[in-house]
Amino acid sequence: MKKWNVFMMGIVLVLVLAACGNNDAEPSNGGTTEGTPTANEQTSGNNEDVNETEQQTPTAEELLTRITEASKGIQSYSMNSKIEQNLTVTMDGQEQKQDVNMDMKTDLVLNPVAAYQEIKTSMPGQEGTQEIKQYITEDGVYTQMGDAWMSLPEEATAPLLEQMKNQSNAGSQFEQLSSIANDLAVEEEGDIYWLKANLSGDKVKELATTMLSQSGATDPQMAAMMQQMNIKSMDISYSVDKETYYPKDLVYSMNMDMDMEGQALSILMKMDSSLRDYNKMESIKVPQDVIDNAVEQQMPAETATP
């Protein structure tokens, strides 16, 4: 079960990086690239053009293009997330339910890629909350559980950083969403646009497999676990600011099941995230006292999967 929870945290990271990232383009003023009009420029000109622009809601394809271009100007941001996992395990005809709630705060810088996270995990009906703090930087990966800091060995740090860099390419991520543009509905609410989709069948399998494969790409066991998943449905609600086209809210709901080690698992995962403080951080550094006091974690030897 611990391995499953680690895998689900990988899913969360992929969904977040799918929303915000950079593709190595130089940012310009207002978070847009050169040659792409800003929101103010788009509504300038003669009055007829202004009125037409204000009255017309963009199509999903148009909105995805604007988001992709604007995302090139994102260098850093902060995010608060609430994640609910409802698991039902069936073995020998007996059912066991387990609910997991997570509150996660993430600060992310994209160049060079670095992250700081605070994660609180609780299980309804059980006392106590597990709290984890974590730095993921080019200087190393450091995790605090309780009062002790641990560091990953260099051979484990490099693949994780490379994975994060690959996932933060906004252009490729939004290209994936473009494949379901016909299923995306655009709604207006005050100063934001909402992109919404309810996916099932082959469409959700294709999109979810493409997105989630990145979370287990560097771990054969995680990749094998993902291959066993049957993703039944995925609901997406994704809002962006009308002026900057930066993400504001991410709401995901996934319904899936799988067989693992002789157990049948039914999983419902919900994630509700809000994003803010764009481009206010220049870097994320690991405090020196953390580096000095961290104990290197010993990686387990590879064993064959039964």
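Tyr116 and Tyr135 are both buried, where buried stands for under 20% relative accessible area, exposed for over 50% and partly exposed for anything in between (1.4 Å probe, protein chains only). The model is predicted, so to speak of local features takes a pLDDT of at least 70, side-chain atom pairs count only at pLDDT 80 or more, and totals for chains, interfaces and linings use all residues. Residues are numbered from 1 along each chain as its sequence is written, and side-chain values use heavy atoms, with hydrogens and water left out.

**Aromatic pairs**

- A pair of aromatic rings is described by the distance of the centres and the angle of the planes.
- Rings of Phe, Tyr and Trp (its six-membered ring) pair if their centres lie within 6.5 Å; planes under 30 degrees apart are stacked, over 60 edge-to-face, and the rest tilted.
- Five aromatic pairs come out of this rule.
- For Tyr116 and Tyr135, the ring centres are 4.6 Å apart and the planes stand at 40°, so this pair is tilted.
- Tyr116 belongs to strand E3 (residues 113–122) and Tyr135 to strand E4 (residues 130–137), so their pair ties together parts 19 residues apart in sequence.
- Tyr246 and Tyr278 form a tilted pair because their ring centres are 4.7 Å apart and their planes at 45°.
- Tyr246 sits in the loop between strand E9 (230–241) and strand E10 (247–260), and Tyr278 in the loop between strand E11 (263–276) and helix H9 (288–293), so the pair ties together parts that are 32 residues apart in sequence.
- Tyr246 is buried, at 8% relative accessible area, and Tyr278 also counts as buried, at 17%.
- Tyr77, Tyr246 and Tyr278 are linked into a cluster by ring pairs.

**Charges over rings**

- A charge sits over a ring if NZ of Lys or CZ of Arg is within 6 Å of the ring centre and within 35 degrees of the ring normal.
- Lys196 lies over the face of Trp194, 5.4 Å from the ring centre.
- Lys242 has its charged end over the ring of Tyr193, at 5.2 Å from the centre.

**Strands and sheet**

- The protein has nine helices and 12 strands, taken as DSSP runs numbered from the N terminus (helices: H or I, at least four residues; strands: E, at least two).
- The 12 strands of an open sheet follow the order E7-E8-E9-E10-E11-E1-E2-E3-E4-E5-E6-E12, with mixed pairing; two strands pair if DSSP finds at least two bridges between them.
- Its edge strands are E7 (185–189) and E12 (295–296), each pairing on one side only.
- E3 and E4 run antiparallel and are joined by seven bridges, with Tyr116 opposite Tyr135 in E4.
- E7 pairs with E8 in the antiparallel sense over five bridges, and Ala185 stands opposite Lys196 in E8.
- The hairpin of E7 and E8 has two residues between the strands, and Gly190 there takes a positive phi near 65°.
- E8 and E9 also run antiparallel, joined by nine bridges, and Ser200 has Ser233 in E9 as its bridge partner.

**The whole chain**

- Of the 306 residues in the protein, 43% are buried.
- Among contacts (heavy atoms within 4.5 Å) with a separation of 6 or more, 65% come from residues 24 or more positions apart.
- The accessible surface comes to about 16,300 Å², 44% of which belongs to carbon and sulfur atoms; areas come from the Shrake-Rupley method with a 1.4 Å probe, and for residues only the protein chains shown count as cover.
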